[in-house]
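Welcome! Let's take a walk through a protein model together, one step at a time.

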Amino acid sequence: MAKSDQRTRLTKMLIRKAFTELMREKPVQSITVKELCQTAGINRGTFYSHYTDIYDLLEQIENEITEEFQKSLQPLLQGDPSDLTPLNITAGVFACIQQNADVCAIALRPDGDRRFASQLLKIGREQCMASYQKYFVNVSPKKIAYFYAFASAGCIGLLEQWVAGGMEESAQELAKAAETLMMSGIGYLQSEAPENP
């Protein structure tokens, strides 16, 4: 049984690698099962024993990444409530994106899957909302919801820029930049500006 599980994991790894290689060259709707199998070095029967079609493959990969995000946030959610800060939540999400760079780099391109990018940011939504409510006790939930909508759209742009730049900064550095941008806005740039003589 263990050997069979290992073979399945290896096969799925080969398929995912071939799939991401092809997605760098063309949109998902242009990828055929035949060329995917040729690239992965497997037969069509092997592919169909795991997936119904290319879209099922994409959905399963995205679901696996989403599960990983949720798992990566679990220790934070079950730990000390004071650790549940927007910075820590954002850093957890960004770290998971970095670990799944092969797929996320494609999904977060300007022509990538915006739905998936939004889904990733929504994972921490409730926790972020609760965290903001704790820090800004006199602010209405509606106002916090508006702020979160604005901030999460900005985070998608930040992620796209990070991916386009080859993810040079660590997930923690990017999360810190996101937090500073959310909390200080233009002050993020002013802190880097040279002082006037």
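Which side chains meet in a salt bridge at 3.2 Å, N to O? They are the side chains of Glu 179 and Lys 176. These two residues sit three places apart in helix α10 (residues 171-184), so about one helical turn separates them.

The mean pLDDT of the protein is 80, and 81% of its residues reach 70 or more. Confidence is highest in helix α2 (residues 33-40), with a mean of 96, and lowest in helix α11 (residues 187-190), with a mean of 60. Where pLDDT is low, the predicted coordinates should not be read in detail.

Now step back to the whole chain. The protein has 11 helices and zero strands. Of its 197 residues, 39% count as buried. Among contacts between residues at least 6 apart in sequence, 61% join residues at least 24 apart.

Another joins Lys 17 to Glu 21, with the closest N and O atoms 2.9 Å apart. Because Lys 17 and Glu 21 are four residues apart in helix α1, about one helical turn lies between them. There is also a salt bridge between Lys 26 and Glu 35, again with the closest N and O atoms 2.9 Å apart. Here Lys 26 is partly exposed, at 24%, while Glu 35 counts as buried, at 18%.

Glu 35 leads us into helix α2, where Val 33, Leu 36, Cys 37 and Ala 40 are among the other buried residues. After α2 comes Gly 41, which has a positive phi, near 75 degrees.

What about the inside? The largest nonpolar core has 51 residues, and Phe 19, Leu 36, Phe 47, Phe 94 and Ile 97 touch the most other members. Helix α9 (residues 141-164) gives this core its largest share, eight residues. Beyond its neighbours within four places in sequence, Phe 47 is in contact with several residues, including Val 33, Leu 36 and Cys 37.

Finally, look at the outside. Leu 10, Met 13 and Leu 14 make a nonpolar surface patch of about 290 Å². Met 13 lies in helix α1 (residues 2-25) and counts as exposed, at 55% relative accessibility.

Definitions and conventions: Residues numbered from 1 in each chain as written. Heavy atoms only, no water. pLDDT = per-residue confidence, 0-100. Patch = residues over 30% accessible without salt bridge, like charges linked within 9 Å, V, L, I, M, F, W, Y side chains within 5 Å. Areas by Shrake-Rupley, 256 points an atom, 1.4 Å probe, with all protein chains shown as cover. Salt bridge = Lys/Arg side-chain N within 4 Å of Asp/Glu carboxyl O. Buried < 20%, exposed > 50% of the residue type's maximum accessible area, 1.4 Å probe, protein only. Core = buried A, V, L, I, M, F, W, Y, C linked by side-chain atoms within 4.5 Å. Contact = heavy atoms within 4.5 Å.
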